[in-house]
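Below are questions and answers about one structure. The sequence and coordinates come first.

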Amino acid sequence: MDLYSRIPNNVNLENDKKLQRALEKWLPNYIDWWREMGPDGFQEKDVWLRTAVDVGSEGWAHFDYVKMPDYRWGIFLEPAQPDARVGFGDNFGRPAYQEVPGEFRNALRRIIVTQGDTEPASVEQQRQLGKTCPSLYDMRNLFQGNVEEGRHLWAMVYLLHGYFGRDGRDEADALLERRSGNPDKPRILEAFNQPCDDWLNFYAFTMFTDRDGKYQLSALAESGFEPLARTCKFMLTEEAHHMFVGDTGLGRVVRRTAELMKQGEDVRDLGGIPLDVIQKYINFWFSYSLDLFGGEISSNSADFFAAGLKGRYKEQEQYTEHTAANQLFTMTVVEDGQLKEREVPLRNALNEVLRTEYVKDCEKGLARWNKILHEAGLSERLFLPNPRFHRHVGEYAGHYFDIKGKQTSKEEFEKHESEWLPTVEDREYVRSLMHPVTEPGKIANWIAPPAAGIKGKPFEFEYVRL
Ligand SMILES: [Fe+2]
Ligand SMILES: [Fe+2]
């Protein structure tokens, strides 16, 4: 098989023997990892998948039946901008970095490894879900996300192999060695060590945790290190589908629950997922996903911005002033055990700035789900918990806040925890509903069918040939 059919790419891999050798050494380890930690079962089944084959705004993807191990994990970067410049920070306006700048080498490697680690982690978290899919359509979407997260790992590994030396190669190997939820060799970020073993978890994960990915990738798409910016821009085109799966998935659960609520009996007796359980899953994944942005006050965020490595969301579109120097940001911090307002240098608050953009985006999802409840004539509403609630990273970690963000004691928090976060019983109940529905056109009882199929195909299409 020629090189392009093994590793489709637009990075001129044919002419880069060193990189070729490195990637060809890494490829068999990757396939081993995929077989061991990728979707459990279904590896020999035909799945109707899209494969990235180009980066053009039209026709970048090809749809066909593919067995997952035969999916071609390619390397695609957005085309280079002639005369690209560093778009922010202390080196604003200088030519973009085409090689790793020596003084930022460690910071850049850390950014790439941290992003790269999330990609295989999510595949590991979701590996059992095929067995309990609510429909073939959903099963296909699950596997689509899985192969694309695999490709995102390739994207980061390309940067490690292509732009770093031995340290890059070692990091690329380590990305295949860590395991989600394994206490001895866990994934780097905590949201990626949480179990995602039922479909309600899956939709909440793709809604909230993949959406963190959108914001991290968007900030890195602004990077002055041009290969990283170009890589992330293309990843974002695939990421949109993952968030669509989460957003519409939760919407479909809400729609079905609303239908059952209107029948006037207990939703549980009718085999649906009660709204309060949906709310608790939202609380859980939203709060863990907020942690992914890092501390509210962060010297890393200041350093990454100053160096021109990681920008703000839509830095070029949204801002006219790109140094963010000598500006202040007011945030709520915990001082002597009390909530207080404090002014901090803007550059140190950029994690919080990015998080705020993310929260705004999440709220749009909530509005869509509440519209479904409204249209069903129900008065109940879903909401996002206060960002201080249930945090394990940053300013609010180690303190207790209720769902509305009011400071509380450990005892009070624990008294109410079962109202706010999924209990063992909630999780067991949700799991008890998870029976596979694999007949084309059929759907599980606890979720509504999607409004449309994929790429013009009807919902009844045989998305996976079992
Ligand atoms: Fe990804
Ligand atoms: Fe994703």
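**Metal sites and their surroundings**

The four donor atoms around the iron ion (ligand 2) form an irregular arrangement, because the angles they subtend run from 89 to 167°. The model is a predicted one.

Q: Which residues are the protein donors of the iron ion (ligand 2), and how far from it do they lie?
A: The donor spacing along the chain reads E-x60-D-x28-E-x2-H. In this pattern the residues are Glu 149 (OE), Asp 210 (OD), Glu 239 (OE) and His 242 (ND1), and their distances from the ion are 1.7 to 2.2 Å.

Q: Which residues coordinate the iron ion (ligand 1), and at what distances?
A: Along the chain, the donors of the iron ion (ligand 1) are spaced as E-x29-E-x2-H-x86-E. They are Glu 119 (OE), Glu 149 (OE), His 152 (ND1) and Glu 239 (OE), at 2.0 to 2.8 Å.

Q: Why is the site of the iron ion (ligand 1) not called tetrahedral?
A: Four donors count as tetrahedral only if all angles lie between 85 and 135 degrees. Here the angles among the four donor atoms are 80 to 162°. The site of the iron ion (ligand 1) is therefore classed as irregular.

Q: Which helices hold Glu 149 and Glu 239, and how many residues apart in sequence are the parts they tie together?
A: Glu 149 belongs to helix 4 and Glu 239 to helix 7, so the pair connects parts of the chain separated in sequence by 90 residues.

Q: Are Glu 149, Glu 239 and His 152 buried or exposed?
A: Buried means under 20% relative accessible area. Glu 149 has 5%, Glu 239 has 3% and His 152 has 0%. Because each value falls under that cut-off, Glu 149, Glu 239 and His 152 are buried.

Q: Which residues is His 241 in contact with, leaving aside its neighbours within four places in sequence?
A: His 241 is found in helix 7 and counts as buried at 12% relative accessibility. With near neighbours in sequence left aside, the contacts of His 241 are Arg 50, Arg 140, Asn 141, Gln 144 and Ile 454.

Q: Which residues have the most contacts inside the largest nonpolar core?
A: The largest nonpolar core has 129 residues, and helix 4 gives the most to it, with 15 residues. Another core, of six residues, lies apart from it and includes Ala 324 and Leu 346. Inside the largest core, the residues with the most contacts are Phe 208 and Trp 446.

Q: Which residues is Ser 289 in contact with, leaving aside its neighbours within four places in sequence?
A: Ser 289 lies in helix 8 (residues 275-291). Its relative accessible area is 0%, so Ser 289 is buried. Beyond its neighbours within four places in sequence, the contacts of Ser 289 are Phe 208, Thr 209, Asp 212 and Tyr 358.

Q: What angle does the direction of helix 4 make with that of strand 1?
A: An open sheet of three strands has the order 2-1-7, with antiparallel pairing. Its edge strands are strand 2 (61-67) and strand 7 (464-465). Strand 1 (residues 46-52) and strand 7 pair over two bridges, with Val 47 opposite Val 464. Helix 4 packs on the sheet, touching strand 1, strand 2 and strand 7, and its angle with strand 1 is about 40°.

Q: Which residue in the turn between strand 3 and strand 4 has a positive phi?
A: Strand 3 (residues 328-335) and strand 4 (residues 338-345) run antiparallel and are joined by eight bridges. Within this pairing, the partner of Val 333 is Lys 340. The two strands form a hairpin with two residues between them, and the turn residue with a positive phi, about 50°, is Asp 336.

Methods. Residues are numbered from 1 along each chain as its sequence is written. Chains are lettered from A and ligands numbered from 1 in the order in which they are written. This is a predicted model: local features need pLDDT of at least 70, side-chain atom pairs count only at pLDDT 80 or more; totals for chains, interfaces and linings use all residues. Side-chain values use heavy atoms; hydrogens and water are left out. Donors are N, O and S atoms within 2.8 Å of the metal (3.2 Å for Na, K and Ca); water is not among the atoms, so sites may look incomplete. Four donors count as tetrahedral if all angles lie between 85 and 135 degrees; four count as square planar and six as octahedral if opposite donors are over 155 degrees apart and all others between 65 and 115; anything else is irregular. Buried means under 20% relative accessible area, exposed over 50%, partly exposed in between (1.4 Å probe, protein chains only). Helices (H or I, at least four residues) and strands (E, at least two) are DSSP runs, numbered from the N terminus. Two strands pair if DSSP finds at least two bridges between them. A nonpolar core is a set of buried Ala, Val, Leu, Ile, Met, Phe, Trp, Tyr and Cys residues joined through side-chain atoms within 4.5 Å. Contact means heavy atoms within 4.5 Å. Axes are lines fitted to C-alpha atoms, for helices over the stretch in contact, and angles run from 0 to 180 degrees between N-to-C directions.
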